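Hi,

Here is the model I said I would pass on. Have a look at it first, and my notes follow below.

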Amino acid sequence: MGFFQSYGLRLQRKRWRIRARRKARQLSVVSDNSAGVQPDDILVFSTFRNENVRLPYFLDYYRRIGVSHFFMVDNDSDDGGREFLAQQPDVSLWSTTGSYKRARFGVDWINWLQMRHGHNHWCLVVDPDELLVYPFCDTRPIRALTDWLDASSIKSFGAMLLDMYPKGRLEDARYERGADPLDLACWFDAGNYTISRNGRFGNLWIQGGPRARKFFADEPERAPALNKIPLVKWDKHYTYVSSTHMLLPRGLNLVYDEWGGEKASGVLLHTKFLDTFGKKAEEELARKQHYANSHEYRAYATGPIDDPDLWCKWSEKYINWRQLEILGLMSKGNWA
Amino acid sequence: MTVGIVMLVHTALDRAEQVIRHWVAADCPVVVHVDKTVERAIYDAFVDSLADLPTVLFSTRHRCEWGTWGIVAASQAASELMLRTFPQVRHVYLASGACLPLRPPQELKRYLDARPMTDFIESATTADVPWTVGGLSEERFTLRFPFSWKRHRRLFDRYVSLQRRFKMHRRIPPGLVPHMGSQWWCLTRRTLSAILEDPDRKIYDDYFRKVWIPDESYFQSLTRLYSQHVESRSLTLCKFDFQGKPHIFYDDHLQLLRRSDCFVARKIWPHADRIYEAFLNPDGRSVAEAEPNPGKIDRVFSKAVERRTRGRTGLYMQSRFPNENWENGVTAAPYSVFEGFTELFEDFEAWLSRATGAKVHGHLYAPDRVMFEAGQTTFTGSMSDSSALRDANPRMFLTNLIWNTRGERQCFQFGPMDQQGISWDIAKDPNAQISVISGAWAVPLFQLNRNFAELRAEAAQLQRIESEHLRALRSPYAKARVRIWTMAEFVESPMEALQSVVDQIGTKGPRRLAEVPRMVDLTGFGQFLQNLKNQGMHPYLMGDFPVEPPLKNQPPAPRKPYLVK
């Protein structure tokens with residue numbers, strides 16, 4: 001990479017950091033419990049809007065694998081989620097009525113919170129409908145993973161987004177607060193993902209899955225990106241560029257091996273497709289705050305409503321991480 | 001007589017304390033070396049916590065940075081203290097704070113009692129070992145390494161290349177043959193004191209001070225000078241990954257560790273509560289005289305290294321995306337491509353599937369949709385039949401298909417009427433078995449009842465596309481197994497050709513074909529080609545077909561039979 005390109009990326013990184021500071025003015029603190037954060041704690045950062053029904057399970061899931069503190073940004077919820085989180089001792093909560101889209105889909109807010117609170121911590125940036133699965137997650141806490149990454153001098157850990165869906169109509173997958181969403185949305189597409197490389201930032205661009213298959217079969221290039229790098233040993237000089245798809249400095253995006261080997265990676269189980277999706281789709285279409293003009297919500301809303309079934313006869317039923325690793329969706333790398 | 005433990009500690013002091021107590025309870029004296037980077041207050045608290053044990057001593061603290069002399073200095077100081085203070089010690093065992101005894105110390109003592117003169121130290125000459133980090137093996141003994149590899153990598157590398165350029169070599173002290181091996185050893189008092197009290201020790205120390213990673217070579221080389229009986233293996237189970245850093249054991253390795261029968265293992269993750277619980281509170285299980293047998297663990301870890309360095313062939317995913325030519329194989333398994341067969345035979349796909357037991361798809365790269373086997377709209381791995389999705393990345397469509405159906409042979413049809421994006425990829429893929437009947441695309445045109453001018457234009461285009469594709473198949477870059485027949489050749493002896501194709505797939509063992517697919521009626525095909533020629537288009541890919549039907553005055557002879565032998 002030439003000097004100018006590299007300098008251009010440096011400027012861009014600085015620009016996103018300045019922007020994060022500017023957008024931070026939209027945030028107002030609801031409860032700040034961050035004083036209790038220990039130096040080697042593993043932290044979660046998340047933005048949400050009207051996810052009250054998912055929050056209890058989300059917190060439980062990440063507490064169980066060993067996350068110590070949650071930094072949450074509430075984007076104008078009115079369903080009681082904010083009140084619920086404000087009572088949690090391990091949650092620090094900010095609230096904003098600012099535009100999600102103009103905060104670059106929440107990235108600016110998260111960048112600022114990470115700049116202030118994430119420095120020198122392992123930080124996990126996930127949405128409330130994303131559950132992280134990593135190698136050995138059934139027997140080893142996430143600290144085992146981060147200790148190993150530290151020992152291997154690895155600073156970022158990739159986990160591709162895997163869309164989970166129920167069998168049958170989404171409306172029939174009635175999600176109860178506190179329940180495991182994977183009991184309902186337990187199906188996924190095992191092998192229809194396509195990958196290309198982003199030359200500028202060095203990250204991979206992964207598309208595919210049920211959304212590409214159902215909603216974007218005619219214009220695949222618009223299908224959502226599934227590559228994510230949610231777990232990073234954060235430094236205050238880092239920034240996310242576009243959602244958690246890519247970072248700067250761009251060395252952090254090299255979570256894949258180019259010489260034939262496999263690096264360790266995980267999967268983010270995306271449990272968005274439940275009965276809650278229909279309501280969200282309506283709301284988001286009205287708000288127009290989502291990526292690519294909310295194309296997928298529109299595709300859903302205008303699509304054949306009688307058949308919003310993402311399931312097909314080749315859908316795979318989720319069992320555990322070992323299944324995902326055998327299918328080649330994630331890898332243990334040289335972690336054994 | 002007993003074994004004394006020299007323990008190098010730098011983190012997880014609470015775990016170290018547990019292990020120390022375990023050793024002491026079995027009458028093994030322990031000398032502890034705590035890294036100088038540990039804060040004074042923490043160190044003092046650690047010393048206090050062990051104050052109740054008279055046979056635990058603390059040696060002079062050194063700074064132990066990976067790859068530097070500090071670790072050797074620490075081992076020397078602690079060993080000297082051990083030999084001086086505890087005369088009952090016959091063997092000295094070097095361990096770290098992350099080492100955990102897997103078998104009761106009594107068993108280790110018995111084992112060593114039975115081998116009183118044996119030094120257990122892995123020790124091999126540099127020429128014979130593959131473990132080298134940073135591409136340095138022999139040179140770690142002949143160059144100087146004043147800069148830290150961890151902290152000043154660039155200086156380190158520059159200084160190495162400078163020395164190489166100017167051929168600056170150090171002299172190895174006379175009589176010394178450099179050996180390398182695991183830094184975790186168990187030496188006899190005899191050998192260890194000979195090393196430590198050697199009148200030439202200063203010469204050796206000065207030399208090794210600037211060797212790279214001296215902790216893997218100092219004792220390993222000097223032992224060879226004094227030892228009566230070197231057993232070149234470490235009693236400590238310690239596996240290294242491809243970067244030369246030790247693998248770590250977690251709770252889920254418990255059974256594996258139990259079955260290994262090794263005396264000591266490293267490194268244990270400090271939070272692996274179940275492992276510490278299990279091995280520090282022995283439940284009376286004893287394997288008595290068993291020899292250490294780390295074979296199973298070896299396999300687990302060497303598979304991990306293999307996965308990290310070579311990966312799974314044919315897999316493209318978020319953490320494996322090889323550069324071109326670094327794939328170790330483009331696709332996961334062999335597959336077959338048939339070009340021109342469905343055009344020439346009426347029921348080719350069904351027949352092939354019966355004859356070989358393979359999955360036989362139609363034209364996967366057909367322009368309007370993907371023709372999966374039996375007209376399915378989705379296929380294994382939830383692959384879609386949308387042509388747009390396929391054409392967004394034709395290469396990954398193929399690699400996905402082959403990956404998803406590992407263990408089941410895939411066959412598909414291809415031709416000049418299909419999307420050609422995949423042409424070079426299959427040509428370069430050693431897993432592809434490509435059988436071509438060139439020019440067979442003319443048969444459907446011949447059967448169509450369409451305006452001849454249109455047919456002529458289409459024939460010209462198809463011929464151009466196919467000849468382009470054949471160029472790829474015949475190029476020097478092609479690695480696929482390719483068979484190309486002109487249509488005329490093929491029609492001449494179809495049986496032989498089909499047999500060879502089916503044999504190559506080889507799913508059902510060598511067998512003569514019991515039935516053959518039905519060839520379309522080619523009466524008048526020669527004339528059709530001649531008509532194309534007459535229109536100024538030159539169809540050449542199908543070879544030479546006789547224009548005229550056999551002599552007019554004879555009854556129409558049955559077409560040349562192709563028999564099942």
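How many of the six residues of strand β4 (residues 91-96) of chain A are buried? Six of the six are, so β4(A) is largely enclosed by the rest of the structure. Buried here means under 20% relative accessible area, with exposed over 50% and partly exposed in between (1.4 Å probe, protein chains only). Strands (E, at least two residues) and helices (H or I, at least four) are DSSP runs, numbered from the N terminus.

Some housekeeping: this is a predicted model, where local features need pLDDT of at least 70 and side-chain atom pairs count only at pLDDT 80 or more, while totals for chains, interfaces and linings use all residues. Residues are numbered from 1 along each chain as its sequence is written, chains are lettered from A and ligands numbered from 1 in the order in which they are written, and side-chain values use heavy atoms, with hydrogens and water left out.

Back to β4(A). Val91(A), Leu93(A) and Ser95(A) point one way from the strand, Ser92(A), Trp94(A) and Thr96(A) the other way, and all are buried. Strand β3 (residues 69-75) of chain A pairs with β4(A) in the parallel sense over six bridges, and Phe70(A) has Val91(A) as its bridge partner. Strand β1 (residues 28-31) of chain A pairs with β4(A) in the antiparallel sense over three bridges, with Val29(A) opposite Trp94(A). (Two strands pair if DSSP finds at least two bridges between them.)

Now the interface. Chain A and chain B bury about 4300 Å² between them, 51% of it on carbon and sulfur atoms; that is the accessible area (1.4 Å probe) that two parts lose on being put together, summed over both. Glu262(A), Trp314(A) and Asn334(A) supply 18% of the area that chain A buries against chain B, more than any other three residues. The contact (heavy atoms within 4.5 Å) takes 61 residues from chain A and 49 residues from chain B.

Trp314(A) turns up again among the rings: ring pairs link it with Tyr335(B), Tyr365(B), Phe372(B), Phe379(B), Phe397(B), Phe412(B) and Phe414(B) into a cluster. Rings of Phe, Tyr and Trp (its six-membered ring) pair if their centres lie within 6.5 Å; planes under 30 degrees apart count as stacked, over 60 as edge-to-face and the rest as tilted. There are 56 aromatic pairs over all chains. One of them, Phe156(B) with Trp212(B), is tilted, at 5.0 Å centre to centre and 50° between the planes. Phe156(B) lies in helix α5 (residues 153-165) of chain B and Trp212(B) in the loop between α7 (201-209) and α8 (218-226) of chain B, so the pair ties together parts that are 56 residues apart in sequence. Phe156(B) is buried at 4% relative accessible area, and Trp212(B) is buried at 2%.

Last, helix α13 (residues 348-356) of chain B. Its buried residues are Phe348(B), Trp351(B), Leu352(B), Ala355(B) and Thr356(B). Down the axis of α13(B) they fall within an arc of 105°, so they line one face of the helix; the arc is that of the directions from the helix axis to the C-beta atoms. After α13(B) comes Gly357(B), whose phi is positive, near 75°.

Cheers
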